[in-house]
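Please keep the view open as you read.

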Amino acid sequence: MTAMNDQNDQNDIGRAIVAAHAARFGETGDRPASFSSDDAVYRGAKTACAALGFIEVDAECLARAWQAQTQRTGAFDAQAWPEHPADFGMRPFPPSARADAFPPCPEKLGLYAVLPDAAWVGRMARAGVPTVQLRFKSGDADAVKREVHAAVEAVRGTNALLFINDHWQAAIEARAYGLHLGQEDLDALDPPELQAIRASGIRLGVSTHGYAEMVRADAVSPSYLAMGAVYPTTLKQMVTAPQGVARLAAYARLMRGYPQVGIGGVDAVRLPDVLATGVGSVAVVRALVAEADPEAAAARLMKAMAAA
């Protein structure tokens with residue numbers, strides 16, 4: 001096959017993918033920064049995924065998956081958006097069956113409240129919110145330890161599952177149900193630290209913001225994955241643009257062996273669309289803490305989730 005034919009093939013492949021999926025994902029017309037293979041499917045798919053608005057690392061991840069999918073099935077299909085874990089280089093699903101898997105948590109964590117301190121944790125746990133997270137920001141190690149222990153005490157006697165954001169040593173010491181780490185926090189752990197977390201028996205949730213981060217998170221077989229930000233949020237400076245429900249639905253299909261949490265800008269109006277993607281849980285922050293009556297807001301959200 002000549003170089004000209006290869007170029008024509010990859011251009012045709014790219015155009016076919018964009019034509020098949022632009023209505024779902026939108027089209028920016030961006031171009032990939034680089035290529036790491038001469039394979040026509042890979043190059044066409046990476047060009048298409050960049051044009052559909054995926055950032056460089058995600059376009060690369062998708063292009064490699066499209067190449068693997070084509071090799072596995074024996075034919076290129078522009079309609080077949082990659083959603084087979086093996087095509088992304090991930091180990092067999094479900095992850096919970098792996099020898100190194102973190103302990104399981106419920107497939108549907110329900111309404112997941114992300115809260116600033118132990119007082120809020122206790123308040124929402126008593127209001128019946130099934131999953132709560134302490135996201136306490138402080139550089140004072142003693143203050144962190146006190147707040148984590150207070151949060152563990154605050155959920156005692158309720159049915160709420162408590163995850164601690166970031167502070168893994170304090171979470172283990174206080175015997176919290178679970179730990180939640182951002183992608184950078186996970187990447188910063190050295191192997192002995194990760195092994196210490198795994199050996200403690202604590203559940204682990206990990207934040208992800210696209211395909212490349214989901215693949216990296218899957219390498220440690222966490223208990224659940226958080227996916228976002230689904231919508232724009234003012235609470236946290238995000239490196240990536242809002243993902244939207246179309247991407248969230250694609251993520252949910254790929255990672256369907258995990259309990260999944262949609263997060264970022266979700267409120268009562270948006271909640272049904274987020275749940276329709278297939279995620280089993282929705283995390284909220286301002287939809288509770290910014291409300292005049294947080295207990296009533298929690299009740300409304302939980303009712304809406306039950307109806308959906």
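Helices (H or I, at least four residues) and strands (E, at least two) are taken here as DSSP runs, numbered from the N terminus. Counted that way, the chain has 13 helices and eight strands. Its radius of gyration is 21 Å, close to the 19 Å that the globule rule gives for 308 residues, so the chain is as compact as a globular protein of that length. That radius is taken over C-alpha atoms, and the rule is 2.2 Å times the number of residues to the power 0.38. You are looking at a predicted model, in which local features need pLDDT of at least 70 and side-chain atom pairs count only at pLDDT 80 or more, while totals for chains, interfaces and linings use all residues. Residues are numbered from 1 along each chain as its sequence is written, and side-chain values use heavy atoms, with hydrogens and water left out.

Along its principal axes, the C-alpha trace spans about 70 × 45 × 35 Å. Of the 308 residues, 51% count as buried; buried means under 20% relative accessible area, exposed over 50%, and partly exposed in between, with a 1.4 Å probe and protein chains only. Contact means heavy atoms within 4.5 Å. Among contacts in the chain with a separation of 6 or more, 61% come from residues 24 or more positions apart.

Now for the helix pairs. Two packed helices are described by the angle between their axes and the distance between the axes. Axes are lines fitted to C-alpha atoms, for helices over the stretch in contact, and angles run from 0 to 180 degrees between N-to-C directions. Helix 2 (residues 40-51) packs against helix 3 (residues 56-73) at about 140 degrees, with the axes 8 Å apart. That angle makes helix 2 oblique to helix 3: angles under 35 degrees count as roughly parallel, over 145 as roughly antiparallel, 65 to 115 as roughly perpendicular and the rest as oblique. Residues of helix 2 that meet helix 3 include Val 41, Tyr 42 and Ala 45, and their partners in helix 3 include Ala 59, Leu 62 and Trp 66. By class, this contact has nine nonpolar, two polar and four charged residues. Here Ala, Val, Leu, Ile, Met, Phe, Trp, Tyr, Cys and Pro count as nonpolar, Asp, Glu, Lys and Arg as charged, and the others, Gly among them, as polar.

Ala 80 is partly exposed, with a relative accessible area of 26%. Beyond its neighbours within four places in sequence, Ala 80 touches Trp 66 and Gln 69.

Next, find Leu 115 in strand 1 (residues 110-115). Leu 115 is buried, with a relative accessible area of 1%. Outside four places in sequence, its contacts include Trp 120, Met 124 and Val 289.

Trp 120 and Met 124 also belong to the second pair: with Arg 123, they meet Pro 294, Glu 295 and Ala 298 in helix 13. The axes of helix 4 (residues 118-126) and helix 13 (residues 294-307) come within 10 Å and cross at roughly 50 degrees, and these helices are therefore oblique to each other.
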